[in-house]
Amino acid sequence: MRTDFDPGSLPRGDFYRLLTALVVPRPIAWVSSTTPDGTDNLAPHSFFNVACVTPPVVQFSSVGRKDSLRNIEETGEFVVNFAPERLFEQINDTATDFPRGTSEFDAAGVEREPSLRVKPPRVAASPAALECVLHSTVRLGDSTVVFGRVVHAAVSDGVLVDGHPEAERLRPLTRMGRNEWATLGEVREIARVPYSEWQGRSG
C-alpha cells in the first residue's frame, strides 16, 4: 500500500514539508555574503549541490527573496562555508529571520576571517570554504537557483589526509524534514565497477 500526494491539490506548505522529508539528507551551504554598504550576512541553505566541474560551479536555491540572494545579485560574490556538526547551534541561529541590515555573524557570535578572492568573509571555525563569484541565476516559481563559480577553496589541514578531505574529519551536518538534522553516521566505501570487469559477474 502507498499513500498518494498530489502537489496540485495540497497547500504549498504541506507539499514543501513532504519534499524536504523525502529528499534527504541534504548538504548545507552556509552562505556568507555582504551588502553593498558592508554588512555581512550569513545563512544556511539546504537546497545545495555541485553543478559543474569545469569550470567549478556550485549551486543553491533561495526559497523566496532572502538576504543572501539580494546581496549576491547586488555584489556578485559569496562564500559557501562548510557546515560541520560541532557548529550545529550557530548554524541554526543564523537561520533566524533577522531584519535586513542585521549581521548574523554578530547576532550569533560567529567569528569571521578574511576571504582571499572575494569580499564576503569566511566563517573562521568552518573547516572548508568555497569562495564564489556569481555565474548566473535561474528563477523557478517561488525560488531562485544561484550558480556560483568557485574561484578559491580553503580547507583546514586538520581535515585533510594525503591532501584529500576526509568525511569522518569534516563531520558534515545535514538537513532532514521538519526540524530534523542529521550527522554523518557510518561511512561505507565501494568502488564503481568498470564495464570491462562487469561481464560474467552475474553468472
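Let me start with Val 23, which is partly exposed at a relative accessible area of 49%. On that scale, buried means under 20% relative accessible area, exposed means over 50%, and partly exposed lies in between, with a 1.4 Å probe and protein chains only. Before going on: this is a predicted model, where local features need pLDDT of at least 70, side-chain atom pairs count only at pLDDT 80 or more, and totals for chains, interfaces and linings use all residues. Residues are numbered from 1 along each chain as its sequence is written, and side-chain values use heavy atoms, with hydrogens and water left out.

Val 23 is in the loop between α1 and β1. Helices here are DSSP runs of H or I with at least four residues, strands are runs of E with at least two, and the numbering goes from the N terminus. Together with Leu 19 and Leu 22, Val 23 makes a nonpolar surface patch of about 290 Å². Patch residues have over 30% relative accessible area and no salt bridge; like charges are joined within 9 Å, and nonpolar side chains (Val, Leu, Ile, Met, Phe, Trp, Tyr) within 5 Å. The areas come from the Shrake-Rupley method with a 1.4 Å probe, and for residues only the protein chains shown count as cover.

Pro 25 belongs to the loop between α1 (12–22) and β1 (26–27). Pro 25 counts as exposed because its relative accessibility is 54%. What does Pro 25 contact, leaving aside neighbours within four places in sequence? The partners are Thr 174, Arg 175 and Met 176, where contact means heavy atoms within 4.5 Å. Gly 177 is 152 residues from Pro 25 in sequence, yet the C-alpha atoms are 8.8 Å apart.

Next, the sheet. Three strands form an open antiparallel sheet in the order β1-β13-β14. Its edge strands are β1 and β14 (181–182), each pairing on one side only. Two strands count as paired if DSSP finds at least two bridges between them. Strand β13 (residues 174–175) is joined to β14 by 2 bridges, and Thr 174 stands opposite Ala 182 in β14.

Now the salt bridges, of which the structure holds 11. The criterion is a side-chain nitrogen of Lys or Arg within 4 Å of a carboxyl oxygen of Asp or Glu. In one of them, Asp 14 meets Arg 17, with the closest N and O atoms 2.6 Å apart. Those two are about one helical turn apart, because they sit 3 residues from each other in helix α1. Asp 14 is partly exposed at 34%, and Arg 17 is partly exposed at 45%.

Asp 67 has a salt bridge with Arg 70, at 3.2 Å from N to O, and another with Arg 100, at 3.3 Å. Asp 67 lies in helix α2 and Arg 100 in the loop between α3 (88–93) and α4 (104–107), so this pair ties together parts 33 residues apart in sequence. Shared partners join Asp 67, Arg 70, Glu 74 and Arg 100 into one network. Is Asp 67 buried or exposed? Asp 67 counts as buried, at 15% relative accessibility.

Last, the cysteines. How many disulfides does the structure hold? The count is 0, with a disulfide taken as a pair of cysteine sulfur atoms within 2.5 Å. The sulfur of Cys 52 is too far for a bond because the closest cysteine sulfur, in Cys 132, is 13 Å away. Cys 52 is partly exposed at 29%, whereas Cys 132 is buried at 0%.
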